[in-house]
Amino acid sequence: MSALTALTLTSARAALDKREFSARELTDAHIEAAEAARPLNALVAETFDLARERADAADKRLTAGEGGLLEGMPLAIKDLYCTKGVHSAACSHILDGFKPTYESTVTANLWREGAVMMGKANMDEFAMGSANVTSYYGNVINPWQRQGDNKPLVPGGSSGGSAAAVAARIALAATGTDTGGSIRQPAAFCGLVGLKPTYGRCSRWGIIAFASSLDQAGPLTRSVEDAALMLQVMAGHDAKDSTSVNTPVPDYRAELNGDVQGLRVGVPAEYRLDDMPEEIEALWRRGIDWYKDAGAEIIDISLPHTKYSLPTYYIVAPAECSSNLARYDGVRYGLREADDDLTHMYERSRAKGFGPEVQRRIMIGTYVLSAGYYDAYYLKAQKLRTLIARDFSQAFEKVDVVLTPTAPSAAFAIGEKMDDPIAMYLNDVFTVPASMAGLPGISVPAGLSSEGLPLGLQLLGQPFDEARLLNAARFMEIAAEFTATPSGLGGGTS
Amino acid sequence: MAIDKATVLHIAKLARIEVADEATDGLAKELNVIMDWVEQLSEVDTDGVEPMTSVVDITLPLRTDEVHAAVQRDELLSNAPNTDNGFFVVPKVVE
């Protein structure tokens, strides 16, 4: 790994200000890393020419003393974000050839501050998956491997390409989206920091919709400070997204001192699963001890509806997906299967364009919204959602943050958990509840499994309290002293 | 309740997804596994609970009634699989 690709986002940005190297040199080093890491399949579209152009422009601005917050920083952008004139397909066959004529608000914010796009990151089709095995463009391989075993592992999902790109040093940071854990779980599987902001903190405009009441943009980075910097630029009110909240964006880096003296840390009893691996349990206990030893107050809390979060999610998210994905009709964009009959043209285009998991979720969503079943399923799920959110708001009367594991296991091998959809869904058992309640959550790499794979701990916060959440995460980062780097395929990441 | 073959075909029709006859049994099985699993929600008493319609406590904002630049026709059509003279082309729907 080159010295330039080993930097954090924050340190690379500071080095550019001191002109220790040029933005072009930084981008070239990442292009070289990306070319070497192609076997990981992290990027589905490489935009290296554009990256070089933007890096040169960044150098000009830096020389003129005009550099933005992310000037010259090479980033990977999840394929769910619409980027003007560039491949944006949600890694689905149905969006074949789609090139947006507009730019998503979040990516526009990044470019405004000088960031450089390396390419579009692989992902589960329409963000539906937890292992990046549903992409039309093929699986992503996790740059991490088990000790003494070169079996390819999944990077997690759905933001699997984003996570692999940052872990393999193809980019200094990446954008992801999180509907039920799609930033936090891949971050845990790849040894990264993954932040899902409060619902409404970042604009969803120009991000291809999956489940609109849950989808939220956020960063994957190699440090908490980097996550704070990315959020600083990504967040903000946007009149084009009616669910974007008009509340000021604080300076997320101002109080990242890692001081947790007096912080009230909640530990929810219901997250202790019967069949949870001992090493996850042990990691969680260690995390609790870190906070306790630093003067935080550990408070046992109860979130009684936790076990219903996942089944509730699998009504709400498919229902919204069936509505959102109704727009793919073979008429206005993407794949079209010719037929003389209009309805058959729709049916054939959608059958060919959507993969099996997406079709399954559209069908479930259509079923739970159909006449006679709406009250029994969809309305019931919306009521459960109220109860899940209420659990959290009651807990937050007593605590400032909640500490849990991020995922019930380390990264697993490609091919495992693939036969049973519910086994795959259980990956998100710890991340979905906060999504249902719209709360911010962050995964921080906290240790290694017995097989040498990264494990994450998750912190959840109150709505729009990302500053405090990030500071609590900064403390964990210091306490965990996680310095391991991936040993795996392709990336030259020894 | 079990999703049978006829229900699968009905849902597929509503969802506008072509399903081959030989795939219906497998699909019915998969969907039933998921629906049986979510059935556990019925054990929760939700009488009198307000359904959540928005996770953030905001009222939908109204925009001011102003004229904006419209998206240009050629931009809208630029990604369409089939266009003709500034129109989307679809199979004939009227006799």
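In helix α1 of chain B, the buried residues are V8(B), I11(B), A12(B) and A15(B). These four cover an arc of only 100 degrees around the axis, so they sit on the same side of α1(B). The model described here is a predicted one. In it, the buried residues of α1(B) pack against α2 of chain B together with α9 and α11 of chain A. R16(B) follows α1(B) and has a positive phi, near 55 degrees.

The axes of α1(B) (residues 5–15) and α2(B) (residues 24–38) come within 9 Å and cross at roughly 90 degrees. Since crossing angles of 65 to 115 degrees count as roughly perpendicular, α1(B) and α2(B) are therefore roughly perpendicular to each other. On the α1(B) side of this contact are K5(B), V8(B) and L9(B), which meet T24(B), D25(B), L27(B), A28(B) and L31(B) of α2(B).

The contact between the two chains comes next. Here, 53 residues of chain A are in contact with 38 residues of chain B. On the side of chain A that touches chain B, at least two residues each come from α9 (306–324), α10 (342–353), α11 (356–369), α12 (374–395) and α13 (421–425). Of the elements of chain A, α12(A) gives the most to this side, with 10 residues. The residues on the chain A side divide into 26 nonpolar, 14 polar and 13 charged.

Chain A has its own helix α1, spanning residues 9–17, in which L9(A), T10(A), A12(A), R13(A) and L16(A) are buried. Their arc around the axis is only 165 degrees, which puts them on the same side of α1(A). The cover over these buried residues includes the chain A helices α2 (23–36), α3 (48–63) and α7 (224–234), along with the strands β4 (173–178) and β6 (216–221). After α1(A) comes R19(A), with a positive phi near 55 degrees.

The pLDDT of chain A averages 96, and 98% of its residues score at least 70. Over residues 489–494 of chain A, however, the pLDDT is below 50, although this stretch has 27 contacts in the model beyond near neighbours in sequence. Where pLDDT is low, predicted coordinates should not be read in detail.

How values were computed: Residues are numbered from 1 along each chain as its sequence is written. Chains are lettered from A and ligands numbered from 1 in the order in which they are written. This is a predicted model: local features need pLDDT of at least 70, side-chain atom pairs count only at pLDDT 80 or more; totals for chains, interfaces and linings use all residues. A residue is buried if 20 or more other C-beta atoms lie within 10 Å of its own, exposed if 12 or fewer, and partly exposed in between; C-beta atoms are placed from the backbone. The arc is that of the directions from the helix axis to the C-beta atoms. Two residues are in contact if their C-beta atoms, placed from the backbone, lie within 7 Å. pLDDT is the predictor's confidence in each residue, from 0 to 100. Axes are lines fitted to C-alpha atoms, for helices over the stretch in contact, and angles run from 0 to 180 degrees between N-to-C directions. Angles under 35 degrees count as roughly parallel, over 145 as roughly antiparallel, 65 to 115 as roughly perpendicular and the rest as oblique. Ala, Val, Leu, Ile, Met, Phe, Trp, Tyr, Cys and Pro count as nonpolar, Asp, Glu, Lys and Arg as charged, and the others, Gly among them, as polar.
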